[in-house]
Amino acid sequence: MISRRSFLKVCFSTLVGVSTSELLFQVAVSGGSGYRKIPVLAYHRVGYTTDNLTVTPERFSNDLDSLQQRGYCSITLGEFQNFMSDRNVELPEKPVLITFDDGYLDNFQNAYPILKRHGMVGTFFIITDMLWTQDRLTPENIVEMEQGGMSFGSHSVTHRALGELDQTAVYDELVNSKAILESVLGKKVDAIAYPRGSYNEAVVQIAKNVGYNTGFTVREGICLKESPEFELRRIPIFKYDSGVINVIANRGHLL
Ligand SMILES: [Zn+2]
């Protein structure tokens with residue numbers, strides 16, 4: 001008979017700037033993390049542009065403070081994917097996947113240093129046709145961030161709504177963005193965040209066929225182990241939000 005394993009799992013980020021008593025409080029004892037609810041936050045810009053998809057660096061830093069105070073531990077895209085595909089994978093007691101769409105330069109200039117300061121990690125979805133344009137991440141930025149523990153996925157080549165394209169165009173968007181990012185990173189890229197949240201059955205089938213494992217939508221909700229891997233829900237974050245913990249409860253439909 002196989003005995004149930006138990007683990008002491010400490011989130012690295014909780015080691016930053018907390019006292020021993022707080023740390024002991026946050027240590028999670030777990031005999032299996034299959035029940036974990038994983039909020040996947042969807043940010044865009046972190047800076048001082050005025051649209052609703054931009055949060056200020058101060059606000060972003062406050063969001064990370066709030067997450068840590070509530071015991072949330074950021075996980076990498078790889079940890080998230082391993083958990084979704086293998087029931088023996090352990091996660092921290094309160095995991096969170098922090099994602100950013102569209103690959104703006106402010107992700108490198110503002111979000112990345114704030115994440116590092118908190119000992120946290122993020123996942124960035126890149127529009128590959130924008131890689132060499134003003135205001136967007138460069139390949140050099142991406143390599144530096146990846147070496148700093150950040151994760152990357154595709155947000156297509158051109159940011160067109162995949163659910164509205166013919167199958168050849170969907171294939172090109174998925175295959176070419178994947179290949180370009182893989183050549184930048186020198187490693188496999190197998191997650192897509194559907195631009196504008198647009199996808200359909202054909203898009204999912206093509207994504208599977210060309211080697212993706214994971215697809216993120218912009219539908220509100222929380223991720224569970226049994227969530228469909230190509231229709232994963234996220235929690236969009238907007239400029240006007242206050243209190244990321246409340247946002248997780250409300251848009252994660254946890255109330
Ligand atoms: Zn987008």
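Is Arg251 buried or exposed? With a relative accessibility of 14%, Arg251 counts as buried, where buried means under 20% relative accessible area, exposed over 50% and partly exposed in between (1.4 Å probe, protein chains only). The model is a predicted one, in which local features need pLDDT of at least 70 and side-chain atom pairs count only at pLDDT 80 or more, while totals for chains, interfaces and linings use all residues. Residues are numbered from 1 along each chain as its sequence is written, and side-chain values use heavy atoms, with hydrogens and water left out.

The side chain of Arg251 meets that of Asp241 in a salt bridge (2.6 Å, N to O), a term for a side-chain nitrogen of Lys or Arg within 4 Å of a carboxyl oxygen of Asp or Glu. Because Asp241 lies in the loop between β12 and α8 and Arg251 in helix α8, the pair ties together parts that are 10 residues apart in sequence; helices (H or I, at least four residues) and strands (E, at least two) are DSSP runs, numbered from the N terminus. Asp241, at 9% relative accessibility, is likewise classed as buried, and salt bridges with shared partners join Glu220, Asp241 and Arg251 into one network.

Another salt bridge links the side chains of Glu173 and Arg160 (3.0 Å, N to O). Glu173 belongs to helix α6 and Arg160 to the loop between β9 (151-154) and α6, so this pair connects parts that are 13 residues apart in sequence. Glu173 is buried at 2% relative accessibility, whereas Arg160 is partly exposed at 38%.
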